[in-house]
Amino acid sequence: MRASLLCSALLAAIAFPLIGNSLAIPASSHSFKNQLEGRDDLEKRDELDKPPIYPPFSEDTQNMHLRFDYPRMHWRSRPWEEGYYPIHCVHEAQFNNLWILDFQVRDVWFEDCGVPWTVCRHKDAKEKWYSIFDTLSQVPVGMRQYVANLVILPGPIDGGRGSTIQAAAYTRGSVLVFSPTYFKLGVLFHEITHIMDMVALAPFLESQGFPEGTPFSRTKYWKYAYGNDTAVPTPYSRASWQEDFADAGRWAMSDISRYRGLREYSKGWEACRTQIRAFQWWMMPMIFPKKGICTGKVEGGYAVKVVVVEGQNPLVSLFQPGPGSREEGRKRPNTKVAGSGVAPIVLPAGAANMFFAYHGT
């Protein structure tokens with residue numbers, strides 16, 4: 001076993017017993033569901049009216065610690081054929097008024113999954129390829145597998161005249177988009193938790209009668225955890241159930257990686273303890289799969305060839321998703337997960353349209 005895979009396995013082996021011994025929720029899903037029987041009133045809870053913990057967590061300190069807490073995976077990468085782009089990257093370039101031809105595209109493979117992730121990076125982005133892949137490799141594979149594509153933007157003044165960078169970081173469906181200085185593990189954990197909120201427990205929620213596309217954070221299972229605490233993890237947690245879940249996920253990742261847990265960040269962390277523990281109880285078995293390898297992968301956007309039509313606004317490029325000539329078919333990058341030996345993760349109805357913009361510090 002490679003050293004990085006061993007580190008991930010050790011982290012999971014140490015963390016899970018600690019979680020199990022300290023949970024404020026039942027030890028089995030059966031007893032947990034029994035405890036919630038008849039508590040449909042929890043579904044009607046709409047407002048997050050509890051204050052954030054005090055003293056507050058420091059995101060800067062957390063980001064510094066996470067760089068050392070989570071192991072890096074070995075990776076290898078390969079550029080895409082010139083002129084081809086994932087359709088998701090084209091859409092995000094247009095959304096930010098950037099010229100798609102200023103983006104570079106590479107596939108990156110990590111040793112814990114048999115299919116690549118496709119990353120689009122603007123030529124003027126401050127993050128370099130090596131740093132992007134190293135940081136992405138530190139995201140546990142059970143989280144990383146929910147990312148379809150990653151897009152790295154330039155700064156607001158680096159994208160050229162007319163560019164309008166829409167947010168510091170955001171999630172659209174299963175596509176992650178970052179501007180400079182925000183591509184950090186803490187923000188990555190927050191944004192990927194938004195995807196997992198919609199996707200990871202979808203089969204379980206549907207089996208319990210919830211409509212397809214219901215976020216886990218808007219069900220009684222999460223609201224029960226919230227109801228047993230006196231505070232939320234951060235001021236931003238109060239924005240919505242989804243943001244509360246995402247910030248609980250972010251800080252739950254530090255709780256298992258730090259020797260003293262969240263006590264290292266705030267003596268008042270116990271006020272949101274149940275939310276942290278509930279996230280760990282529901283999500284950690286998926287974030288750290290037993291074999292340390294991906295259990296599936298959300299498919300990246302299909303490849304399109306971008307053609308700039310003379311006399312036309314270069315921001316409005318012509319997409320040609322068809323196979324075209326036989327030679328073009330050979331050049332077109334394959335983004336399919338099906339047939340690779342890795343199970344495709346399919347987004348539930350409505351998940352592809354979700355949009356969350358990051359407003360942290």
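Predicted model: local features only at pLDDT ≥ 70, side-chain atom pairs only at ≥ 80, totals over all residues.
Local features require pLDDT of at least 70 and side-chain atom pairs pLDDT 80 or more, while totals for chains, interfaces and linings use all residues. Residues are numbered from 1 along each chain as its sequence is written, and side-chain values use heavy atoms, without hydrogens and water.

**Exercise 1.** Determine which strands pair with β7 and whether its faces are buried or exposed.

*Solution.* 
1. Strands are DSSP runs of E with at least two residues, helices runs of H or I with at least four, numbered from the N terminus; two strands pair if DSSP finds at least two bridges between them.
2. Strand β5 (residues 149–152) runs parallel to β7, with 4 bridges; here L150 stands opposite L176.
3. Strand β6 (residues 169–172) runs antiparallel to β7, also through 4 bridges, and T171 has L176 as its bridge partner.
4. The hairpin of β6 and β7 has 2 residues between the strands, and G173 in the turn has a positive phi of about 60°.
5. V175 and V177 on one side of β7, and L176 and F178 on the other, are buried (under 20% relative accessible area; exposed is over 50%, partly exposed in between; 1.4 Å probe, protein chains only).

**Exercise 2.** Identify the disulfides and the parts of the chain that they link.

*Solution.* 
1. With a disulfide taken as a pair of cysteine sulfur atoms within 2.5 Å, the structure holds 2.
2. The sulfur atoms of C89 and C120 are 1.9 Å apart. Because C89 lies in helix α4 and C120 in strand β4, this pair ties together parts 31 residues apart in sequence.
3. In the other disulfide, C113 and C294 have their sulfur atoms 2.1 Å apart. This pair links loops, C113 between β3 and β4 and C294 between α11 and β8, 181 residues apart.
4. Counting bonded cysteines along the chain gives the pattern 1-3, 2-4.
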